[in-house]
Amino acid sequence: VQLQAYGGGSVQAGGSLRLSCAASGRTFSRITVAWFRQAPGKEREFVSVVRWGSGNTYYADSVKGRFTISRDNAKNTVSLQMNSLKPEDTAVYYCAADPRSSHSNPSYNYWGQGTLVTVSS
């Protein structure tokens, strides 16, 4: 599976961005896809996941109510709509697919290259 994340950029606090993760190389509808982020000097942390099959979604507490993950199996794309952005959301955002263990554990078989989100106060 090849993943390509895009849509990052710079925005002021309170603004919105929409990230997308385009996948190719495998039946996308049967893969769980997640977003992680990594701020400078910090460990990679779970943001959100959409599971294949059930379509259930989960969010980190820090983004719950502000971020929305969705998938379009016809377009092989998973998106992350980010609203009410805060400076602490500044990070490189990665999409990942096919978890090896818990969906919040950054142990996935496939990773995209990351896209930078910068939120200024």
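A polar contact is taken here as a pair of N or O atoms within 3.5 Å, one able to donate a hydrogen and the other to accept it. In this predicted model, a polar atom of the Thr77 side chain lies 2.9 Å from the backbone oxygen of Lys75. Thr77 belongs to strand 8 (residues 77-82) and counts as buried because its relative accessibility, 13%, falls under the 20% limit. Beyond its neighbours within four places in sequence, Thr77 touches Ser20, Cys21, Ala22, Phe28, Ser70, Arg71 and Asp72.

The largest nonpolar core comprises 35 residues, and those with the most contacts inside it are Trp35, Phe67, Leu80, Met82 and Tyr93. Elements contributing two or more residues to this core include strand 1 (2-6), strand 3 (17-24), strand 8 and strand 11 (115-120). Strand 9 supplies the largest share, five residues. With neighbours within four places in sequence set aside, the contacts of Tyr93 include Trp35, Phe67, Leu80 and Met82, as well as Arg37.

Four salt bridges were found in the whole structure. One of them joins the side chains of Arg37 and Glu45 (2.6 Å, N to O); Arg37 is buried at a relative accessible area of 5%, whereas Glu45 is partly exposed at 36%. A salt bridge also pairs Asp89 with Arg66 (2.7 Å, N to O). Asp89 lies in the loop between strand 8 and strand 9, and Arg66, 23 residues away, in the loop between strand 6 (57-59) and strand 7. Both Asp89 and Arg66 are buried. Through shared partners, salt bridges connect Arg37, Glu45, Arg66 and Asp89 in one network. Asp61 and Lys64 form another salt bridge (3.1 Å, N to O), in which Asp61 is exposed, at 67% relative accessibility.

How values were computed: Residues are numbered from 1 along each chain as its sequence is written. This is a predicted model: local features need pLDDT of at least 70, side-chain atom pairs count only at pLDDT 80 or more; totals for chains, interfaces and linings use all residues. Side-chain values use heavy atoms; hydrogens and water are left out. Helices (H or I, at least four residues) and strands (E, at least two) are DSSP runs, numbered from the N terminus. Buried means under 20% relative accessible area, exposed over 50%, partly exposed in between (1.4 Å probe, protein chains only). Contact means heavy atoms within 4.5 Å. A nonpolar core is a set of buried Ala, Val, Leu, Ile, Met, Phe, Trp, Tyr and Cys residues joined through side-chain atoms within 4.5 Å.
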